[in-house]
Amino acid sequence: MAAHLTRVKTRLSIHAHRKVRGMLQGEYAAIQVGRGIDFNDLREYVRGDDVKDIDWKASARSRTLLVRRYVAERKHTIILAVSTGRSMAALNDARHDKRELAVFVAGVMGYLAVRNGDLVALVHGDARRQHARPPDNGELYLERLLGHVHDAITPDAAPSDLRAVLDYTAKAIRRRGILVVVSDETRISEELAESLRRLTAQHEVLFLTIGDLDPTMVTGAPRRLVDIDARTEVPEWLRGDPQLREEYAALVAGEEHHVRRRLDQLGVVHEQVRDTDSAIAAVFRMLERHRHARRR
């Protein structure tokens with residue numbers, strides 16, 4: 001019944017021991033937007049309390065250090081914005097397609113939210129149409145969201161259009177939250193940058209890029225490679241050529257540098273997800289970098 005989420009939990013247990021999973025949960029908790037809490041009362045300071053919570057005026061009046069106590073105002077909302085155009089049906093490496101990896105990283109973020117008692121919403125789509133699912137909580141709801149992402153990504157889908165997905169997000173999701181973008185975009189155009197700029201005014205925006213299969217690889221590659229977008233077969237002579245492999249690596253490195261630089265300019269924390277084995281580490285780095293960025 002919970003096939004996608006079960007795979008997320010299984011991979012988390014296999015690829016991340018208990019200490020790492022605890023750190024991952026801690027990094028997630030640190031990205032919450034603002035306090036999201038209301039003042040409740042005062043109590044005497046004890047070792048370990050945050051000095052930011054000390055009420056200095058009340059402490060001066062009572063001649064005792066007092067800290068403010070808060071109560072939760074509302075649950076936070078994690079918005080998963082996933083590009084589900086046909087390019088996401090291509091291979092990520094010799095064993096997995098990008099769809100599987102997109103579902104996994106979206107599932108990790110959604111699972112962290114559910115574990116924290118927060119709400120999860122979904123926006124996904126391609127150049128032809130976009131869809132939104134409202135914020136809700138619970139593992140069963142998250143499983144349905146992951147199923148929507150999985151089923152929408154097919155080789156017969158319309159071309160990917162991340163800008164259309166983000167513009168639809170701005171219209172469909174009014175509630176402030178933490179927006180997690182999952183895409184295979186290799187270039188941030190001026191139009192896409194403008195869409196992201198508008199969203200950063202409303203949400204905390206995090207960006208995960210799913211990598212492509214290296215068409216020059218030899219070991220473990222399928223015998224037949226097809227370019228999903230062009231719908232043409234990739235020539236076999238591309239494989240095993242050292243010069244082409246070096247040029248392709250330089251091209252990918254240049255694209256990654258461009259994306260990171262443009263997103264840094266927009267104040268959006270970005271991580272590249274290269275494969276399933278390193279996906280958890282990429283999510284952890286993204287959350288950690290975002291926490292440090294908010295402190296500056």
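A contact here means heavy atoms within 4.5 Å. With that in hand, start with the whole chain. Among contacts in the protein chain between residues at least 6 apart in sequence, 76% join residues at least 24 apart.

This is a predicted model: local features need pLDDT of at least 70, side-chain atom pairs count only at pLDDT 80 or more, and totals for chains, interfaces and linings use all residues. Residues are numbered from 1 along each chain as its sequence is written, and side-chain values use heavy atoms, with hydrogens and water left out.

The protein chain has 9 helices and 10 strands. Both are DSSP runs numbered from the N terminus: helices are H or I with at least four residues, strands are E with at least two. Of the 296 residues, 46% count as buried. Buried means under 20% relative accessible area, exposed means over 50%, and partly exposed lies in between (1.4 Å probe, protein chains only). The chain exposes about 15,300 Å². Carbon and sulfur atoms supply 49% of that area. Accessible areas come from the Shrake-Rupley method with a 1.4 Å probe; for residues, only the protein chains shown count as cover.

Now turn to helix H7, residues 190–200. Its buried residues are Leu 192, Ala 193, Ser 195, Leu 196 and Leu 199. They cover an arc of only 160° around the axis, which puts them on the same side of H7. The arc is that of the directions from the helix axis to the C-beta atoms. What covers these buried residues? The cover includes helix H6 (162–172), strand E6 (178–183), strand E7 (204–210) and helix H8 (242–266).

Glu 194 forms a salt bridge with Arg 198, the closest N and O atoms being 3.8 Å apart. A salt bridge is a side-chain nitrogen of Lys or Arg within 4 Å of a carboxyl oxygen of Asp or Glu. The two residues are 4 apart in helix H7, about one helical turn. Glu 194 is partly exposed at 34% relative accessible area. Arg 198 is partly exposed too, at 44%. Salt bridges that share partners join Arg 163, Asp 167, Glu 194, Arg 197 and Arg 198 into one network.

Asp 167 is partly exposed at 25%, and Arg 163 is partly exposed at 38%.

The whole structure has 14 salt bridges. One of them links Glu 139 with Lys 9, with closest N and O atoms 2.7 Å apart. Glu 139 lies in helix H5 (residues 139–152) and Lys 9 in helix H1 (residues 3–15), so the pair ties together parts that are 130 residues apart in sequence. Glu 139 is partly exposed at 33%. Lys 9 is partly exposed at 30%.

Next, a charge and a ring. The charged end of Arg 11 sits over the ring of Phe 104, 5.3 Å from its centre. That label requires NZ of Lys or CZ of Arg within 6 Å of the ring centre and within 35 degrees of the ring normal.

Finally, look at Ala 157, in the loop between H5 and H6. Is Ala 157 buried or exposed? Ala 157 is buried, with a relative accessible area of 7%. Ala 157 touches Thr 84, Gly 85, Arg 86, Asp 126, Ala 152 and Arg 231, not counting residues up to four places away in sequence. Ala 157 and Gly 85 are 72 residues apart in sequence and 5.7 Å apart in space, C-alpha to C-alpha.
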